[in-house]
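Reader: I'd like to go through this model with you. Can you show me the structure before we start?

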Amino acid sequence: MKKIGILVGSLRKDSFSKQIAANVADLFPEGYETEFIEIGTLPFYNQDDDNEPDTPAEYMAFRNKVKEFDAFLFVTPEYNRSVPAVLSNALDIGSRPYGESVWDGKAAAIISQSPGNIGGFGANHHLRQKLVFLNMPVLQQPEAYISNVSTLLDENGKVSNEETVQFLQAFVDAFIDLIERFHK
Ligand code: FNR
């Protein structure tokens with residue numbers, strides 16, 4: 001059984017990102033387990049605090065949680081053409097102390113979304129930039145920039161458009177290929 005951690009870049013109760021992530025979680029095949037990883041309760045990363053034995057319990061708990069997973073799916077909105085702070089903060093906390101990053105070598109895939117037309121392209125690529133440094137093999141194709149997201153979800157939060165479901169399934173299938181290549 002491989003474990004996929006899902007990180008969502010929005011804390012909003014009715015977040016479109018959360019709804020898309022829940023739809024995508026249902027598309028993973030047998031042998032894969034998905035779990036949402038909580039990032040909204042993390043304090044802002046402060047390097048001054050990150051010294052043993054006084055490392056904040058929240059940092060330690062998060063790092064230990066992340067270690068349980070084989071790969072990560074990021075689903076995020078775009079904030080001011082970039083990555084929301086809450087997601088960036090979680091990546092930073094997991095990346096330290098230097099040389100002990102919990103992200104190292106683990107496969108990842110990114111879905112950005114927006115109610116607008118550009119599909120969160122800026123967030124998607126700024127997030128990619130961080131994952132390059134974190135040494136995470138990131139799914140290249142297909143890219144997922146979901147625009148006009150509010151028109152794709154029905155009142156139960158389900159993606160109602162068959163073409164989009166097929167696209168998301170192809171995205172998951174490609175992600176599985178990537179995971180199998182890196183984590184045999
Ligand atoms: C936004 N929004 C936004 N949308 C976009 O396409 N590009 C952007 O750069 C921004 N910038 C931005 C900044 C801030 C601070 C907020 C609060 C919002 C709009 C955003 O896409 C919209 O609120 C989504 O609904 C956010 O995603 P969730 O929370 O629904 O997952």
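Author: Here is a short walk through the fold, the sheet, some helices and a few residues. Keep in mind that this is a predicted model.

Reader: Overall build, then. How many helices and strands does the protein chain have?

Author: The protein chain has 5 helices and 5 strands. Along the sequence, they follow the pattern β-α-β-α-β-α-β-α-β-α.

Reader: What about the radius of gyration?

Author: The protein chain has 16 Å. A compact globule with 184 residues would have a radius of gyration near 16 Å, so the value agrees.

Reader: And the spans along the principal axes?

Author: The C-alpha trace spans about 50 × 35 × 25 Å.

Reader: What share of the residues is buried?

Author: Of the 184 residues, 49% count as buried. The accessible surface of the chain comes to about 9400 Å². Carbon and sulfur atoms hold 49% of that surface.

Reader: What share of the contacts comes from residues 24 or more positions apart?

Author: They account for 77% of the contacts with a separation of 6 or more.

Reader: On to the sheet. What is the strand order?

Author: The order is β2-β1-β3-β4-β5, in an open sheet of 5 strands with parallel pairing. The edge strands are β2, residues 32-36, and β5, residues 144-146. Each of these pairs on one side only.

Reader: How are neighbouring strands turned against each other?

Author: By 20° on average, with direction ignored.

Reader: What holds paired strands together, in general?

Author: Strands of a sheet pair through backbone hydrogen bonds.

Reader: How many bridges join β1 to β2?

Author: There are 5 bridges between strand β1, residues 2-8, and β2, and the two run parallel.

Reader: Helices next. Which strands does α4 lie across?

Author: Helix α4, residues 121-133, lies across β3, β4 and β5. Helix α4 runs at about 160° to β4.

Reader: And α5? Which strands there?

Author: Helix α5, residues 162-182, lies across β1, β2, β3, β4 and β5. The angle of helix α5 to β4 is about 160°.

Reader: How many residues of α3 are buried?

Author: 9 of its 11 residues are buried, and α3 is mostly covered. Among them are Val86, Leu87, Leu91 and Ile93. Ser88, Asn89 and Ser95 are also buried residues of α3.

Reader: What do the buried residues of α3 pack against?

Author: They pack against β1, α2, β3 and α4.

Reader: Aromatics now. How many pairs does the structure hold?

Author: The structure holds 8 aromatic pairs. One of them joins phenylalanine 28 and phenylalanine 175, edge-to-face, at 6.3 Å centre to centre with 75° between the planes.

Reader: Where do those two sit in the chain?

Author: Phenylalanine 28 is in the loop between α1 and β2, and phenylalanine 175 is in helix α5. They are 147 residues apart, and the pair links distant parts of the chain.

Reader: Buried or exposed?

Author: Phenylalanine 28 counts as buried because its relative accessibility is 9%. Phenylalanine 175 is at 1%, so phenylalanine 175 counts as buried too.

Reader: Give me another pair. What about phenylalanine 74 and tryptophan 103?

Author: That pair is tilted, at 6.4 Å centre to centre with 50° between the planes. Phenylalanine 74 belongs to strand β3, while tryptophan 103 is in the loop between α3 and β4, 29 residues apart. Phenylalanine 74 and tryptophan 103 are buried.

Reader: Which residues form the cluster with them?

Author: Ring pairs link Phe62, Phe69, Phe72, Phe74 and Trp103 into a cluster.

Reader: Switching to single residues. Where is serine 17, and why does it count as buried?

Author: Serine 17 is in helix α1, residues 16-25. Serine 17 counts as buried because its relative accessibility is 0%, and the cut-off is under 20%.

Reader: What is serine 17 in contact with?

Author: Leaving aside neighbours within four places in sequence, serine 17 is in contact with Val8, Ser10, Val75, Thr76, Pro77 and Gln113.

Reader: Last one, glycine 40. Where is it?

Author: Glycine 40 is in the loop between β2 and α2. At 32% relative accessibility, glycine 40 counts as partly exposed. Beyond neighbours within four places in sequence, glycine 40 is in contact with Leu11 and Val86.

Reader: And how far apart are glycine 40 and serine 10?

Author: They are 30 residues apart in sequence and 8.4 Å apart in space, C-alpha to C-alpha.

Conventions: Residues numbered from 1 in each chain as written. Predicted model: local features only at pLDDT ≥ 70, side-chain atom pairs only at ≥ 80, totals over all residues. Heavy atoms only, no water. Pairing = 2+ DSSP bridges. Helix = DSSP H or I, 4+ residues; strand = E, 2+ residues; numbered from the N terminus. Axes fitted to C-alpha atoms, helices over the stretch in contact; angles between N-to-C directions. Contact = heavy atoms within 4.5 Å. Rg over C-alpha atoms; globule rule 2.2 N^0.38 Å. Buried < 20%, exposed > 50% of the residue type's maximum accessible area, 1.4 Å probe, protein only. Areas by Shrake-Rupley, 256 points an atom, 1.4 Å probe, with all protein chains shown as cover. Phe/Tyr/Trp six-rings, centres within 6.5 Å; stacked < 30°, edge-to-face > 60°.
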